Amino acid sequence: QVQLVESGGGLVQAGGSLRLSCAASGLTFSWYPAGWFRQAPGKEREFISAITWSGGSTTYADSVRGRFTISRDNAENAVYLRMNSLKPEDTAVYYCAIKRTRFGDDRTYTNAVDYVYWGQGTQVTVSS
């Protein structure tokens, strides 16, 4: 059974930083692209960042580029999201996701419908 478990969310002041972690189990994590999304109350789920299976390529939404950094450790079956210079508009539930695709697919994916496996989410609240 595939499980993704996010952690690291919390309450932080504007300008602060957080590091989200997503631990994966039940699949060969290192084979698959991963992504982070977020959803604020009353809004649709929004793409944040994605990373290839190797970690060699990353993609970011314009709203977070330069502030957030995605990374992964395939030996630890984990993907991370380092968030700096946080703003109140970053407040949302953050989700990690895994796209199940062919081995060696060296692309990043920005559309939520491409992802098969999702975590339960972790709340990030940024106060002004």
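**Strands, core and links in a predicted model**

Asn77 lies in the loop between S7 and S8. Strands such as these are DSSP runs (E, at least two residues), numbered from the N terminus. The model is predicted: local features need pLDDT of at least 70, side-chain atom pairs count only at pLDDT 80 or more, and totals for chains, interfaces and linings use all residues. Residues are numbered from 1 along each chain as its sequence is written, and side-chain values use heavy atoms, with hydrogens and water left out.

Asn77 has a phi near 55 degrees, a positive value in a residue other than glycine. Most residues other than glycine have a negative phi. With a relative accessible area of 26%, Asn77 is partly exposed. Here, buried means under 20% relative accessible area, exposed means over 50%, and partly exposed is in between (1.4 Å probe, protein chains only). Ser85 also has a positive phi, near 50 degrees, and is not a glycine. Ser85 is found in the loop between S8 and S9. Its relative accessible area is 39%, so Ser85 counts as partly exposed.

Four strands form an open sheet. Their order is S1-S3-S8-S7, and the pairing is antiparallel. Two strands count as paired if DSSP finds at least two bridges between them. Strands of a sheet pair through backbone hydrogen bonds, either parallel or antiparallel. Strand S1 (3-7) and S7 stand at the edges. Each has a single partner strand, so one side of each is left without a neighbour in the sheet. On average, neighbouring strands of this sheet are turned by 15 degrees against each other, direction ignored. The angle is taken between axes, which are lines fitted to C-alpha atoms; angles run from 0 to 180 degrees between N-to-C directions.

The pairs can be followed residue by residue. S1 and S3 pair in the antiparallel sense over five bridges. Val5 has Ala23 in S3 as its bridge partner. Gln3 stands opposite Ser25, also in S3. S3 and S8 run antiparallel and are joined by six bridges. Leu18 has Met83 in S8 as its bridge partner.

Met83 also belongs to the largest nonpolar core, which holds 36 residues. Such a core is a set of buried Ala, Val, Leu, Ile, Met, Phe, Trp, Tyr and Cys residues joined through side-chain atoms within 4.5 Å. Trp36, Phe68, Val79, Leu81, Met83, Tyr94 and Ile98 touch the most other members. The elements that give two or more residues to this core are strands S3 (18-25), S4 (34-39), S5 (46-51), S7 (68-73), S8 (78-83), S9 (92-98) and S11 (122-127). S9 gives the most, with five residues. Phe68 is in contact (heavy atoms within 4.5 Å) with residues beyond its neighbours within four places in sequence, including Arg38, Ile48, Tyr60, Leu81, Met83, Asp90 and Tyr94.

The whole structure contains one disulfide. A disulfide is a pair of cysteine sulfur atoms within 2.5 Å. Cys22 is joined to Cys96, with an S to S distance of 1.9 Å. The pair links distant parts of the chain: Cys22 in strand S3 and Cys96 in strand S9 are 74 residues apart. The link is right-handed, with 50 degrees about the S-S bond. Both Cys22 and Cys96 are buried.

Five salt bridges are present in the structure. A salt bridge is a side-chain nitrogen of Lys or Arg within 4 Å of a carboxyl oxygen of Asp or Glu. Arg38 forms one with Glu46, and the closest N and O atoms are 2.8 Å apart. Arg38 is buried at 6% relative accessibility, whereas Glu46 is partly exposed at 30%. Asp90 and Arg67 meet in another salt bridge (2.7 Å, N to O). Asp90 lies in the loop between S8 and S9, and Arg67 in the loop between strand S6 (58-60) and S7, so the pair ties together parts that are 23 residues apart in sequence. Asp90 is buried, with a relative accessible area of 0%. Arg67 is also buried, at 11%. Arg38, Glu46, Arg67 and Asp90 are linked in a network of salt bridges. The side chains of Arg65 and Asp62 meet in a salt bridge as well (2.5 Å, N to O). Arg65 is partly exposed at 47% relative accessibility, and Asp62 is exposed at 64%.
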